[in-house]
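Subject: Structure for you to look at

Dear colleague,

I am handing over the structure we spoke about, with the sequence alongside it. Please open it first, and then read my notes below with the model in view.

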Amino acid sequence: MADVYESVLCVKNEVFVYRIPPRPSNRGYRASEWSLDTPDWTGRLRVVARGKDLFIKLEDKTSGELFAQCPVEAYPSIAVEPVMDSSRYFVIRIKDPSGKSAFIGIGFSDRSDSFDLNVSLQDHFKWLKQEDEASKAAEDLEKGPKLDLGFKEGQTITLNIGSKKGDVSKPKPKRAVGGLLPPPPGPGSVRFPTPPTNQNFPSAPSAVKPAPNAVQTSRSISPANVSNSGTSNVDLLLDLGPSDTSSASPLAPLQSQTQNLPDLWGDFTGASSSSSVPPTNNNTAMDDWVQF
C-alpha cells in the first residue's frame, strides 16, 4: 500500500548475536549456556513499525545491509522471549522471505539498551490496543439509534428573558469582609429588660462611731503614769475620738520623759527650755537656774 510508511521506534548501534542450543525443556533459555565472550555477529538493531506490523531488524553498522529480520506479532510472545538468568539477553525468531525461521540469541553490553527495547515493544502494542478500542466504540455508536435533537414540524419554544414584575428579590445581608463585624441593628430592634422596682435594697451603712473604750483609754493617760514607767507603750494613733480642750496636751508624756533624763548640756541650758517643762515646784525650779 502506498499510504503506509515506516516509523523507527528504537535504534541500538551495538548488538551481539549468538548461536544457541535447542531448548532443553519448557523452563526457558539461559544465557549462561551460550558462549558470551565470542559472539557470532555484531551489528546494529532497529525496531521499525510499518502500520500495525512491527519488525526487529539486524543490520550492518557501516553499510546498513540487512542481516536478519524478526517480525513481532505480539509481545511477550514466542517471537521475542527474554532469558531466565539475565535482563540483557533475548531469544528472537528470525524469518527469511521464503518463510523459514530460526531462533538466535541477542544481547547488549549495557542494561539500559535492553530496557529501551522492552519499552518500544510495549508502547507499540499498547497503541494498537487503544486503536482497536477506539474503532470499536465508533462502530457501536454508528450501529446504535441516533438521537434526533431537531425541532419537529410545528414545534415552537418560548424563552423568557429578564425577571418577572411581581418577583422582587429581597436584598441579602452583607457579609463581613476582612474580619470586620456587621453593623449594629437599627433602633427599636433590640429591647433591654426593665430593672426590678419592688425589691428591698439594704440601707446604707451608718457612720462609724468611735468605741467608748477607746475614748476612755485615751483620756485615762496622764503624764504622771508615763513618767513612772519610764517608757511609753501607748499608741498615739488610738486617740482618734473627740477630746475636751481642757484635757492635757498630747505632748505631756514626752515632756515628762525629757524631765527625768539627765541634763547633758549642763550650765548651757537656755531659759526657753524651762517653758516647755511644766513646773512641779517653784523652789526647786529656782535652784536649777545658773546666775551669770
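Strand β5 (residues 80-82) and strand β6 run antiparallel and are joined by 3 bridges, and within this pairing V80 stands opposite I92 of β6. The two strands form a hairpin, with 6 residues lying between them. Please keep in mind throughout that this is a predicted model.

On from there, β6 also pairs with strand β7 (residues 101-107), again in an antiparallel manner, and here 7 bridges join the two; one of the pairs to look for is V91, whose bridge partner in β7 is G105. As for β6 itself, which spans residues 89-95, the strand is mostly covered, since 6 of its 7 residues are buried.

These pairings belong to an open sheet of 7 strands, which follow one another in the order β4-β3-β2-β1-β7-β6-β5 with antiparallel pairing. At the edges lie β4 (66-72) and β5, each of which pairs on one side only. If direction is ignored, neighbouring strands of the sheet are turned against each other by 35° on average.

The last point concerns the surface, where F151, I157, L159 and I161 form a nonpolar patch that has about 560 Å² of accessible area together. Of these residues, L159 is placed in the loop between α1 (111-143) and α2 (212-220). Is L159 buried or exposed? L159 counts as exposed because its relative accessible area is 67%, and the cut-off for that term is over 50%.

With best wishes

How values were computed:
Residues are numbered from 1 along each chain as its sequence is written. This is a predicted model: local features need pLDDT of at least 70, side-chain atom pairs count only at pLDDT 80 or more; totals for chains, interfaces and linings use all residues. Side-chain values use heavy atoms; hydrogens and water are left out. Patches are made of residues with over 30% relative accessible area and no salt bridge: like charges are joined within 9 Å, nonpolar side chains (Val, Leu, Ile, Met, Phe, Trp, Tyr) within 5 Å. Accessible areas come from the Shrake-Rupley method with a 1.4 Å probe; for residues, only the protein chains shown count as cover. A salt bridge is a side-chain nitrogen of Lys or Arg within 4 Å of a carboxyl oxygen of Asp or Glu. Helices (H or I, at least four residues) and strands (E, at least two) are DSSP runs, numbered from the N terminus. Buried means under 20% relative accessible area, exposed over 50%, partly exposed in between (1.4 Å probe, protein chains only). Two strands pair if DSSP finds at least two bridges between them. Axes are lines fitted to C-alpha atoms, for helices over the stretch in contact, and angles run from 0 to 180 degrees between N-to-C directions.
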